Amino acid sequence: NDKIFKGNPKPTIFVGLGISAALILTIQKFTPTSGDLMLVGIPCGILFFSSFVNPTIFGYVAKHYPGEVAGRLGGFIMFFFVFGSAAGILISNLLLSKTGSYMPPFLLLAVVTFLGAIAVMFLKPPKGFEWVYEKEEKR
């Protein structure tokens, strides 16, 4: 992230979520005869690109907030990860039971993932803690 995007987390998260969303949409093309590339490669690609997100978010928190607050804020953010995961399972199961198809849950996952990619482009550094990342940039 630092070498390619000069420490800006937005492109890293956007790329990770955007490519993950696109790969999730390709799941609709799976068939029993899809072959190894589709059945193994696409899920591995989703995991690879989505793995860009969490470390970048926690790096952003560590860079923009003082140490006394960063750990607590990271734990608070983890609450939303866990809550979102649990809610996603519940909603996906409801969609599956209502429709009898796995496509609506995957489509919802792709839409939410893509919306996250768009939302991150509006991320702004927090006000009041400028001294934290200004001190970091002087190093």
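**The nonpolar core**

Mentor: The largest nonpolar core has six residues, Leu23, Ile24, Ile27, Ile42, Ile46 and Ala110. A nonpolar core is a set of buried Ala, Val, Leu, Ile, Met, Phe, Trp, Tyr and Cys residues joined through side-chain atoms within 4.5 Å; buried means under 20% relative accessible area, exposed over 50%, and partly exposed in between (1.4 Å probe, protein chains only). Both α2 (9-26) and α3 (36-50) supply at least two residues of this core; helices are DSSP runs (H or I, at least four residues), numbered from the N terminus. Apart from this core lies another, of five residues, including Ile13, Leu17, Ala117 and Val120.

This is a predicted model, in which local features need pLDDT of at least 70 and side-chain atom pairs count only at pLDDT 80 or more, while totals for chains, interfaces and linings use all residues. Residues are numbered from 1 along each chain as its sequence is written, and side-chain values use heavy atoms, with hydrogens and water left out.

Within the largest core, Leu23 deserves attention. Leaving aside neighbours within four places in sequence, Leu23 is in contact (heavy atoms within 4.5 Å) with Ile42, Gly45, Ile46 and Phe49.

Of its 139 residues, 24% count as buried. Residues 24 or more positions apart account for 61% of the contacts with a separation of 6 or more. Phe114, located in helix α6, is partly exposed, because its relative accessible area is 41%.
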